[in-house]
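User: I've got a model open and want to go through it in short turns. Can you walk me through it?

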Amino acid sequence: MKAGGKSRRKYALRSLRSQLLARTLLILALLLVLIGFLQYFLMKDFLYRSRAEAMDTQLNSIPADLLIKDSQEQREVTAPQEQTNRRNNRPGPFLFWPDMSLASIDTDGTFQSLSNENGLKPPRLTTEQYHAMQQSKRMRHGYQLITDAQGKEQLVVFRPLGPPDRSFGLLQMGVSTTSMQEQLINQLRTFILLSLIALAIGLALMLPVLRRTLVPLSRMVEAVKRIDAGNLAERFDAEQGQYEVDRLAVSFNGMLERLEHSFAAERELQMQMRRFIADASHELRTPLTSIHGFLEVLLRGAASNPKQLQSALESMYGESKRMNKLVSDLLLLAKLDRTPELKLEDIPLDALLLEMKPQLLMLAGTRKVVFDMTAGIRVLAEGDKIKQVVLNLFHNAVQHTDMERGVIQVNLSAGKKLVDIQIRDNGPGMSKEQLERIFERFYRGDESRTRSSGGAGLGLAITQSIVEAHGGNITAESTLGTGSIFKVTLPLAGTV
C-alpha cells in the first residue's frame with residue numbers, strides 16, 4: 001500500500017500536467033514578486049515626492065521677513081560681543097507640528113533649530129554641504145533622506161532665504177518617514193494577500209484548463225497502448241487543434257507506416273524464405289531420389305548387365321550435374337543477397353557482345369539471331385557478370401522459341417546517361433500473372449516443361465540480382481502469341 005502511494009506521488013510529480021501547473025504558477029509568482037517590488041519603490045518615490053511638494057508649499061507660506069530680520073541685524077553689528085547678544089536675542093522657535101522639524105542656516109554655516117520642544121529635532125549636515133547647497137539651484141527641487149541624532153529618518157527639503165538675487169541663508173524643513181513607511185508596508189501586505197488569492201484562483205482555474213488541454217495527448221497515449229506488432233493500422237488524428245500535438249501525431253503516423261511496411265516486408269521475406277527452402281529442398285530431393293533409385297537397381301543385379309549399367313550411370317551423371325548446377329546457383333544467389341563485391345572495370349559493351357556472338361549463335365542452333373549494336377558504348381561493370389546476364393537471357397529466349405521459326409534479336413543502344421540491352425524473341429509470350437512473378441526464385445512460367453529441360457527457375461532471379469548489383473534495372477514485356485522482350489538498363493561509364 002505504501003509502495004503504491006509512493007508510486008502515485010512520483011507519477012504526479014513527473015506528469016506533464018503537474019509540471020506545467022507548477023512552472024506556470026512559479027512564473028506567475030515571480031511576476032507578482034517583481035510587480036510588488038516595482039510597486040513598492042514607485043509608490044515610495046511617489047509618496048516622498050508628494051510629501052516633499054507639500055512641505056515646499058508650507059515653507060513658501062512661512063513669512064520670510066520673520067526669518068531674515070535677524071540676519072539684517074547681524075550685518076549692522078561688528079563686535080563679537082554684540083554678535084553674541086544678537087544671536088541671544090533672535091526670535092525663538094515657533095513651529096508647533098509634532099512630526100516635523102524646522103531649522104535655518106546662515107550664509108556662514110550657522111545652524112539654528114526653529115522647532116519647539118513638541119517638534120522633531122532637525123538633522124544637520126556639514127558646513128561644506130550647506131555651502132555647496134547654497135551655491136547650487138537644485139535644492140529648489142527634490143528632497144533628501146537624512147538621519148537625525150536620534151537615528152530617525154527624515155525627509156528634508158530646503159528653501160533659500162531672501163530674494164533670488166541676494167540670499168541670506170537656507171531654510172530646512174524635515175518630516176519623519178515613519179508614517180509613510182507604515183503606509184507602504186500596509187500596501188505591500190495588501191498586495192501580498194491579493195497575490196496569494198490570485199494564485200489560489202489561478203490554481204483552481206488552471207487545473208481543469210490543463211486537463212482539457214492535455215486530452216489530445218491522453219488520447220494518443222491510449223492509442224499507443226493499443227498498438228503492437230499485430231496491430232499497426234492504428235492512426236492518430238492529425239487535426240486536433242494543437243500545433244505541437246498535431247506534429248507529434250503526424251510523426252507517429254509516419255513511424256507507424258514505416259513500421260507497418262517493415263513488418264510487411266519482413267513477413268514477405270519470411271514467406272519467400274520458406275518457399276525458397278521448400279523449393280530448394282524439392283529440387284534437390286528429385287535428383288537425389290533418382291540417383292538413389294538407380295543405385296538400388298544396380299545393387300539388385302543390374303550392374304552385371306552392361307546396357308543397364310551404362311544407362312544408369314548416364315542418368316546418375318545427368319542428375320548429379322543438375323544438382324551441382326542447382327547448388328552453384330543457390331550459392332551465387334546467397335552471395336548476391338549479401339553486399340556483392342564486384343570487380344568493376346571500364347569495358348566496351350559492344351566489344352563484349354561481339355566476343356560472345358559465336359557462343360550465342362551456337363546456343364541458338366537453327367534459330368535466326370539478329371544483332372543490332374551501337375559502337376563505342378562503355379560501362380563500368382564486371383565483364384564476366386555481364387556475360388552471365390546476357391547468356392541467361394539469351395538461353396531463356398532459346399528455350400521459348402521454335403527451332404525452325406524462332407527469331408532472337410540482340411539490341412544495344414545508349415542514351416545520355418543509360419545504356420540498354422534488349423533480348424527480344426518471337427515465342428509464345430507470357431500472361432500478366434506470369435510477368436508479375438517471372439523474377440521470383442524457383443518460378444517457372446511454363447509448367448509443362450520438365451525440370452530437365454526448363455531448369456530450376458533461378459536464372460532470371462540471378463540475372464536480376466547481378467543487374468541491380470551494378471546499379472541497373474531489368475524489366476520484361478510480353479504479349480501472348482507475339483513474344484517477349486527483356487530489357488537491361490545500366491549506367492554509362494562516367495555517370496555513376
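User: What share of the 496 residues in the protein chain is buried?

Analyst: Quick caveats: this is a predicted model, where local features need pLDDT of at least 70, side-chain atom pairs count only at pLDDT 80 or more, and totals for chains, interfaces and linings use all residues. Numbering runs from 1 along each chain as its sequence is written, and side-chain values use heavy atoms, with hydrogens and water left out. Buried means under 20% relative accessible area, exposed over 50%, and partly exposed in between (1.4 Å probe, protein chains only). For the 496 residues of the protein chain, the buried share is 34%.

User: How many helices and strands does the protein chain have?

Analyst: Both kinds of element are DSSP runs numbered from the N terminus: helices are H or I with at least four residues, strands are E with at least two. On that basis the protein chain has 14 helices and twelve strands.

User: Is Gln-172 buried or exposed, and which side chain does its own side chain make a polar contact with?

Analyst: Gln-172 sits in strand β5 (residues 169–176). Its relative accessible area is 1%, so Gln-172 is buried. Its contacts (heavy atoms within 4.5 Å), leaving aside neighbours within four places in sequence, include Ser-101, Phe-111 and Val-156. The polar contact (a pair of N or O atoms within 3.5 Å; within protein, one able to donate a hydrogen and the other to accept it, with residues adjacent in sequence counting only if both atoms are side-chain atoms) is at 2.8 Å, with the side chain of Tyr-130.

User: Which residue in β10 is the bridge partner of Leu-412?

Analyst: Strands pair if DSSP finds at least two bridges between them. Strand β7 (residues 368–373) runs parallel to strand β9 (residues 407–414), joined by six bridges, and there Met-373 partners Leu-412. β9 also pairs with strand β10 (residues 418–425), antiparallel over seven bridges, in a hairpin with three residues between the strands. In β10, the partner of Leu-412 is Ile-421.

User: Which element gives the largest share of the lining of the second largest cavity?

Analyst: On a 1 Å grid over the protein atoms alone, a cavity is a set of points where a 1.4 Å probe fits but cannot get out, and lining residues have an atom within 4 Å of a point. The second largest cavity has a volume of about 40 Å³, taken as the space filled by probe spheres set on the points, which are joined across faces, edges and corners. The elements giving two or more residues to its lining are α2 (16–61) and α6 (178–213). The largest share, four residues, comes from α2.

Terms used:
On a 1 Å grid over the protein atoms alone, a cavity is a set of points where a 1.4 Å probe fits but cannot get out, and a pocket is an open set with protein on both sides within 12 Å along at least five of seven lines; lining residues have an atom within 4 Å of a point.
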